[in-house]
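Student: I would like to look at this structure before asking about it. Could you put it up?
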Amino acid sequence: MALSDCNTPMLNPLRITLDTGSESCINRYPPTCEWRESVCISIRRLQHREAIPETRMKHGVALVGPPLAICIGLFATGAPISRSIIRIALYLMKFLGFFRLARQITRHGLRIICYHGFAVAEEYKYRSTLFIRDDFFRKRVEYLKRERYPILPLRDALDALAAGRLPPCATVITMDDGWRGVHTVGLPIIRELEIPVTVYVTTYYVENPMPVFTVTVSYLFWRATPQLVHLPRGIGTFDLECEAAKAEEAAQNFGAALPPGDRLEFLKELAVALDISFYDIESQHLFEVMDEQQLRDLAAAGVDIQLHSHRHQWPLYDREMVESEIAENRRFLQRAVSYPLEHFCYPSGVYGLHQAEWLAELGVKSATTIDPGLNYSHTSRFALRRLVDGGPVSDIEFAAEMTGFMELVRLLRRRLRAARDMTARWRVYRDKGRPSSTPTESRP
Ligand SMILES: [Zn+2]
């Protein structure tokens, strides 16, 4: 079991299958399955994040190459565009008034922003989306206030959306996982700026306090400097110059099978093997989640605490495990809060629309994804879209998402794809229907 930024190795069946081959994973789903495409999209997104470390973020802007290319007439090439060119193009669009226009067009869309944890030391250098800096968050909230985006509590926003009385450009702020920094760094800012925030908390590490295993292992390998390492417990000897990924995978797999107490010991042994001080990690409380008292503090301060599964696992077809994840998660969180826990965030952003019925029967009223986009009255309450923000997202990219400019770019991209597919199908149909003109075939 593991917890992460919703995109690192979790003991997630889908993820494990991905490690062994994504095509076989995709093909396991019934071809007629309605939500097959959404699963495949999630798989592709996971693969992309794994392939490019700095874009582990789940943000549409990071993957914006092709859609923006459409806007500036480079679609035919289909080539990825460098991020600096994208940013320059966005500034140009803003200067030309497209951002203002997009905001007007998309004003009925609910914006739900997704953050994760706050950096308590310098771990933002390791994963700048997973652990944002306090000044980054403050700057974002000040932008939202200055640009008059009404920040609403999640449940109020969803009620207003359903009733058709959502204020223009209404915005909700959410934070995933329940990292310790949300209490120690984020809460004073939340109090000072008086903003409503929903924190989706996963509870396994509340029950078993220790640094989150998968994230800590990745961090240890990220910081490791020795070239040749002997991993503990006979895992093997690896040359990190060329086998770092293999070594990390072996350590992750070994530790995942250990009970919590032994897993902590294994982390310490791994730190020694990689020549990193585990004392520093423990003394700075790096990669820890909030404890029960900190959750109570958050709730007492008016922060909305909601569901995120117990083990950060979310199998697509195992209904029994899904029910158990919600039940255990709810049981732990109910110790800290007195209100009903009825809003949920899919761990790792993987979901199937067939699960809406399961969640509804468990008393869940909404579920957020990491699909980028805005939410309208017709958007499924069990597939709410979010805008994932973090260190790699520049101010202009954030503004492009918040104004709805990127929403329009995505819409345009979908329309162009549909038109292209239709043209391709029409060509196939035309070619099949055309009589052969070769002399041999036309002869009676
Ligand atoms: Zn998560």
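Tutor: Ala, Val, Leu, Ile, Met, Phe, Trp, Tyr, Cys and Pro count as nonpolar, Asp, Glu, Lys and Arg as charged, and the others, Gly among them, as polar. The model is predicted: local features need pLDDT of at least 70, side-chain atom pairs count only at pLDDT 80 or more, and totals for chains, interfaces and linings use all residues. Residues are numbered from 1 along each chain as its sequence is written, and side-chain values use heavy atoms, without hydrogens and water.

Student: How do the residues lining the second largest cavity divide by type?
Tutor: A cavity is a set of points on a 1 Å grid over the protein atoms alone where a 1.4 Å probe fits but cannot get out; lining residues have an atom within 4 Å of a point. Here the lining includes Phe118, Trp179, Gly181, His285, Arg180 and Glu288. The division is six nonpolar, two polar and three charged.

Student: How many cavities of 30 Å³ or more are there?
Tutor: The second largest cavity holds about 40 Å³. The count of cavities of 30 Å³ or more is two.

Student: Which residues touch the most other members of the largest nonpolar core?
Tutor: A nonpolar core joins buried (under 20% relative accessible area, 1.4 Å probe, protein chains only) Ala, Val, Leu, Ile, Met, Phe, Trp, Tyr and Cys through side-chain atoms within 4.5 Å. The largest has 102 residues, and those touching the most other members are Phe137, Ile173 and Met175.

Student: Is Cys242 buried or exposed?
Tutor: Cys169 is buried, at 2% relative accessible area. Cys242 has 62%, and exposed means over 50%. Cys242 is therefore exposed.

Notes: On a 1 Å grid over the protein atoms alone, a cavity is a set of points where a 1.4 Å probe fits but cannot get out, and a pocket is an open set with protein on both sides within 12 Å along at least five of seven lines; lining residues have an atom within 4 Å of a point. Grid points are joined across faces, edges and corners, and a volume is the space filled by probe spheres set on the points.
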